[in-house]
Each structure stands twice: as C-alpha cells, then as structure tokens.
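Work through the following exercises with the model open beside you, and try each task before reading its solution.

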Amino acid sequence: MSSVKTLQEKINYDKTFDCVQCGYCLPACPTYETMERETHSPRGRINLVKMVAEGKAAIEDLQEPIEKCLGCMACTTVCPTDVQYGEILEGAKEVIEDNQVKSKTQQKTEQFLFESFFPSKGWMDTLGNATWLYQKTGVQKIARSFHLTKVAPMNLDQFEKVLPDLPSPKERKRRAKRFIRKRPATAKVAFFTGCVMDSMFFDTNQNTIELLLRSGTEVVLPEQQTCCGALHAHSGKIDQSRELAKENIKAFEEEQVDYIVNNAGGCGARLIEYHHLFEEGTEWHERAKQFVAKVKDITEVLAELDQIIYTKPVEKTVTYQPSCHMSNVQKVKQPPRQLMDKILGLTLKELDRPDFCCGSAGIYNILNYEDSMDVLDVKMKDVCSKQPEGIVTTNPGCLLQMKLGIEREGASEEMDAVHLIDLLAQAGPVGKWE
Amino acid sequence: MNEWIEALQKHLPEKQIMTHLADRHSYSFDASFGEYLPEIVVQAKKKEEVVDIVKIANEHRIPIYPRGQGTCLSGGPLPVNGGIVLDLSQWPEEIDVSADDLTVTVSPSVLTANIDKAAREHGLMYAPDPSSAHVATIGGNLAENSGGPRGLKYGVTKDFVLGLELVTPEGEIIRTGGKTIKNVTGIDLTKLLVGSEGTLGVITEATLKLVPKPPAVQTLMAVFDDVRLAGQAISRTLTSGILPSKMEFMDQACIRAVENFQPAGLPTDAAAIVIIELDGHPETLSIEKELIQDIMKNIGARDTVIPESQEDATKIWHARKQVSPAIAKIKPTKVSEDATVPRSKIPDMMDRLKEIKERHNVEIVVFGHAGDGNLHPNVLCDKRDQEEMGRVELAVEEIFQAAIDLGGTLSGEHGIGTMKAPFMENELGEVGLDMMRRIKDAWDPNGIMNPGKIFPEKGQKLVLRSE
C-alpha cells in the first residue's frame, strides 16, 4: 500500500466525507467560541484532516487545531449527518503522534507517564500518598507562603491549590477488595476505580462503594484492573490504549457481574467505546462488546436500582456541571438530575448552557492552560449568574476545574464544588430495606 | 511581504488577521461545492475596520469576499479568485428591538434565530426562518436573500428589510431605507442590496421588520398515493382562501430515508406526504383545519392526520427536518438545489424531475417548501466518483432548465453564487443579465467585491468534478 493510502486510512479520510460542511456544529463548539476562528471548529478540523489526506496541507498544519480540540464531543450531538468526529479526532491524533520528532527527554517523560505512571496502581498510590504527605506535613503551607508552588511547571501550582484532602496510606491500604452481602444481593457490581480517581479522590470512591452497598448490591474491585486508556487515546497513543483495554477486559471477565460501574465521566466514555478499538469480527471485538454492555455510570445504576432514601436535608442551592463525556458520549443526562431531586432541601438551578464544556477535558487544562481558562471563564460567567452555593459535577477533571474556577472568581467564600457522589453521601443515604 | 498585507496589519489587531495555511484552508469552503484558498483571512468587529479593509482592498485591487458562518449552499463566500476573506462572524452581537415600532436593528453577525428569540420576548416574531437560522448570520441571510418554510405566508428576507448600512466597494458608508414601513424615497437601494450576494458592498447593520407573533399554530399531514395529486392538493388549498404558514412536501424516497434513519411513523408506502402548518387565532385555525381536510380528501388524499398533541406535531416537523441528514445516508454527496416554479406547475416539475433522474441514471429525491413552489431536488452522489459526477452535472443543468421552462427561477432561497452563475442568461436573457452587470460595474468600478459570483465568466459551466 502506498504511504498516501496508509495515511488516508489512518486519518479516516473516508469518514470526512460524511461532513456536508453545513456548520451546524459551530454554535456547539466551545473552542470556536473562545478562539474565534473556523480553524478551531469541528467543521474546520474535519476539513483540515481532509486537506492533509489529500496532500494539500501538512501534518504540522493540523497539529495545533487538533491539539486545541477539547474532545468534548458537543458537536456530535448537533451534527445532522452523524459524522464520527471522535474517530476522526483520534485518527488525526495518532497521525500527528506518529509524525512527531521528539527529544530524548520528552520521549522518556512520555514513556514514563503513559507506560508506567497512569496504568500503575503503585504509582497512583504513590501520587496519592505523596500528596497526602505534602498536605499533612505542612510542606504545603510552607510552599504556599513562600510562593514555591509558583515555580511548578505548566501552571500546576493552580491545580495544587484545589486538590482535596487525601487519606493516609494506611487508610488506602485498608480498603477491602470485595464486599459480600449476607442477605441476597440485588445485583453484583464490579467497580472500576479509575487511576486518578482512586489516587486523588479516594473518598469519593469509598462513598461510591458505600452507596452501592446501600443499594443492596454486592461489590467487587477486580485487582488486575488498570487505567482506562482515555489519556493515551487523547494523546494519539492508540496502541497503548488498546493494550490497556485488553487488560481491563480480562480483569473484569474474571467475575460474573451485572454492572461494571465507574464514577468518572471521562473514564466511562472510554470504557463504553472499547469495542471501537478492535476490528469487527475479531475475538477481542466480541469480548469488548460484552464488556461494554455492562458498563454504566454510577448515577445510572443508583437511579435504576432506586434502593436508597436520603434522610439528611442539604439546604443548599446548587448548579450542575455535567461531564461532557458523560452527556455526549455515554448519553447519560437524566440520572444525575434524578438523584439530586431525591435530596431533601436541595435546590438545583440549571445552567443556561450546561452542555458547554468546562475546559478540563482530561489533561487539556494542563497542556493548554490559557485556552482552557478562556473556556472556564465562559462557564463561570454562567455559574455566577445563577448565584449557587455549590457546583455539582460527575467527573474528577470537571471537579478540579470547577474548584479552580471558583478560586479564579474569588468566590470560594460563597460556593464550593463537589462530586455528586460525595453530595449523595452527605445526604444521609439509607437503603430502603435497612 | 505584500504591501497590502502590511497595510491590513497596520489597521487591524493581530488576532484578527490570519495568514497560516491551516486558517486559510478553514475559510476556503462553504456548505456548497469547491474550495479556493484565500491569501489572507481578516476579521472585522466594527464598521471602521470594514472601511479600512475595503479601502485597502480597493486601492490595491485585491478581491474581497464577505463571509458569515459559511453555511451558504450556493458558493456565496467562496474566495474564487484568491485575495481576502472578510470574516464578519466575530463582530459583537447587537440586537436592538424597538417593540413599539415593530422593528429591530441588528449587527451583521447576529444569528438569525436569535433575532426571532429576542422578538418573541416582546410578543413579536421575525418571520424568515431558513433551516440554518440557528447557525447562519443575518448578514449572510441578507446577502443571499434567504428563505425558509414560512416563506409561503410571510415571504423571504427581502420582505422584512427596512433599512441597511453598507460599506461601499470604495470604502464609503451609506445608509439606505429607514425605520418606516412605508418608504418610497428614490430608487429602492435596500431591495437592490438584499440578495446582491456581497457583490455591491459589505452590510454592517440592518433594520428589520417584525410582525405580531401568531397566538396559535396547527399542524396537519396529508398522505397521497400519487405525487401529481399531492401537487394539485397544494394548488387547490392555496386558491381556497386559506393561507397556511408552511406547506412542506416529501416524496417517497425522503419518507423512506427518514424512516430508515430515525423512525417517526411516517407511511413508507405513500407516494408523497404534504405537511401543513396554519398559524393565527385558535378559532380560525379550527375552521381552517376542517376546510383543508375536506380539500385534501376531495382531491384524493389517502389519509389526513391531525396530531393529537403538541408533542405529536413536533414529531412530524422533526421528521421533516430529518430529511437532509437522512438522505445523506443514501449517498455521501448532496447537490441540493432550490429551483422554484409557479405553484400550479409543481406536478409538471415533479414529472420532469422523474424523467431527468431516469435519463441520467442519478439518484434524485425531492422535498421542499411546496407551498411556494420552492422544491429542493437533491441529487445524491459520491464526489469521489468522477464519472457519476459528470452525469450529475448534466442532470443539474436540466433541472435548472426545467424550472425556467415552466416559468420558474433558478433559485428560490439559496442564491446564485458560483453554482448557478452559468445559467443566469437562460433565465434573465442577455440584456437582462447585462443590466445587472452594469449596476455591479457602477457600484464596484474596480471589481473587487466578491468577484466570480452571480455573473458567469465567458463560457462558464457548472463543474462538480475535481480535476
């Protein structure tokens, strides 16, 4: 096969023809709005992919527009011809990645991050433990007062401020791997803990397990599970993403379960698309399809089982920032709202544009800090106009980003951001059967 | 670097100038055919900037192409001769409703649907409703004189424009018309400018007419086993003294495509359906609804459907909206035409389309705003198949000729752009076209303003094939 043919195939040239360039995606795209040019719109990006495939533009020309895409997939919900933008985006990322000449250090860093860091339970625990140590030993305080955090690379100091308090390594270790019921269970759930979720939001994961148990389910945490691979796919490392998918599929095949539950919108979006990573008709495609059929967001499962009553009023007015990946890829929109409805005293004020991305988008906010903040500013304007006392989210990335947004607005006295699961845990959940 | 690019850089903020290849490619297309790489893309956010840009272009004889959000279906904003694409979509949106005057004054970047939204807050309505209203800018609508389903009762964009502000091709600012409903002072430049497709200047502000929002709407659907009967039913309804706000037509291929795409419960064995919307006072509507049902049945409709709830009505209209995406599944490339015929000629036009389809062995489906004779024959094909595209070119040519032969027009609502320029003389005659050209030459002596549109080059032919 000629190299042109290979490129065209990899970059999904054929799929670009589904775009009739009607422009209906423009008003839905956050980066088109903040960056104010067609180049940073879905239609513009698809056209550039086509131009590269036809040799009219170079891969370098494509790089910035593709890297600056949040991948929020809002465009796919309004596209009248159902263009597979996600696949075009991933193909483009892969081609850019293949084409990149990287320095040795860069290669080493990426290799470490993607091959060792994210997929490793050990490293994730270390990250969580180190953060705990940093918070508990007073280093955090000292660092802040001497402005040492400012010298952190890539604006990480901004995120350091908004990290939640973490549990001690001891607590982390103590968590059981299996929660069996004495009375018959309503369902058996395998919990996908997520890498960042489990290291930085350990308590949210604990609350998730607790809510599942109160719903009358049996919960297992398959030990061999690993990173979902979303960050790899977003960085054009499809092969690695595929390997991680295989590991997870294997890990979750060990047990006969009814649901594979996660509590991070971004992870969920990757998990339910595992079958796209494998060629149709292959054994792995089949196994992936069976895996995908069981994947659900925690809010879907809680709403579906509907076994909990919330006994402790939360007298608060909140607004809800849905995770893009949860709304646009998993198409889970109503369950979180249904659950909030059940909390006594809680008032939900919907945003004018709930489906507008917050700018977190995986590690976009770290890689493209300024652009991400432009998107966040649009979001915060909407949030502040609702004058809420809290922002509820369903994804760790969104949660941190919203916390950062609150900091930037100088509104930390008036409001806070919380994962929906933690809010539910606060609301006195009691199993109906208890 | 070119002197004129330097001049532009002197007059505009850096962020509003794009010279990178990726950016230029992004403004090289619209929703029609063909791509043409501009040398530069500039964005204007106020009229002074437009004046500067146009003056520089005029002085250096550089072609300039105004552009909204690029949803044009006829090639209006395509930079066919290179030069400057002038992106007006980032201009801050201004909508100033003057409810007591029933007018609204808007900036060119305003999305058309937002005008209607603002008007509705005052119990008023902006009637023109192109299907792209939620994406397209009013500036683009004015340039192309866009229509929409409601055109049947309310007319197209030009019927709602009272006054304009325009930067002439020589960089002067003029105002035409005004804020009054009646205005007969001198030659009507407002009407001349609306639909001139950006060839006479850049519209920087418009004052539009609003109408009272009808208190109620009623949807009906009539099902036919014969396409000709559907056409006759449309004519009969319109001569009965009832004026629906919309009368939409879908042929069997469209019905089936929609049902394959997102099932809505349409009758897939019907030859055609006509979807009607009435608007007005609720009591009037209940009488008119009965009358229309009688007309449909007398002509020979198999069935008439009155939706039981608002939800059911929305479902029917949603199905109509799904036609475009649904037929795109039949074949990837869609050549969407808007040839329009006198209403009595709809059945004849349907026959002609069938012949053309068979003669050239191409896939043609028909839907559209049949109430005003504005059909949308869509030729479905695959851009990558050069041989097929050749046949499509011939078919499209014949579609236009058929419309003209039946006393119709090349375009009901999309404009001429690059796509229909080759056929202009067929409709207007040599002298008719020449008079238009003379107006153009007088307004734009250096020919910088959106060249290559409306007026054909000598011997220009419709080309859908890429070389």
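**Exercise 1.** Find which residues lie nearest the centre of the second largest cavity.

*Solution.* Begin with the lining, which in this cavity consists of 14 residues, with A:Cys29, A:Pro30, A:Arg45, A:Cys69 and A:Cys72 nearest the centre. Next, look for the elements that give two or more residues to this lining, namely helix H3 (30-35), H4 and H6 of chain A. A cavity here is a set of points, on a 1 Å grid over the protein atoms alone, where a 1.4 Å probe fits but cannot get out, and lining residues have an atom within 4 Å of a point. Helices are DSSP runs of H or I with at least four residues, numbered from the N terminus. This is a predicted model, in which local features need pLDDT of at least 70 and side-chain atom pairs count only at pLDDT 80 or more, while totals for linings use all residues. Residues are numbered from 1 along each chain as its sequence is written, and chains are lettered from A in the order in which they are written.

**Exercise 2.** Divide the lining of the second largest cavity by class.

*Solution.* The lining holds 11 nonpolar residues, two polar and one charged.

**Exercise 3.** Describe the largest cavity and the residues around it.

*Solution.* Then turn to the lining of 17 residues, where A:Cys19, A:Cys25, A:Ile46, A:Cys79 and A:Val83 lie nearest the centre. Finally, among the helices, H4(A) gives the most to this lining, with three residues.

Key
Heavy atoms only, no water. 1 Å grid on protein atoms, 1.4 Å probe; cavity = no way out; pocket = protein on both sides within 12 Å on 5 of 7 lines; lining within 4 Å. Nonpolar A, V, L, I, M, F, W, Y, C, P; charged D, E, K, R; others polar.
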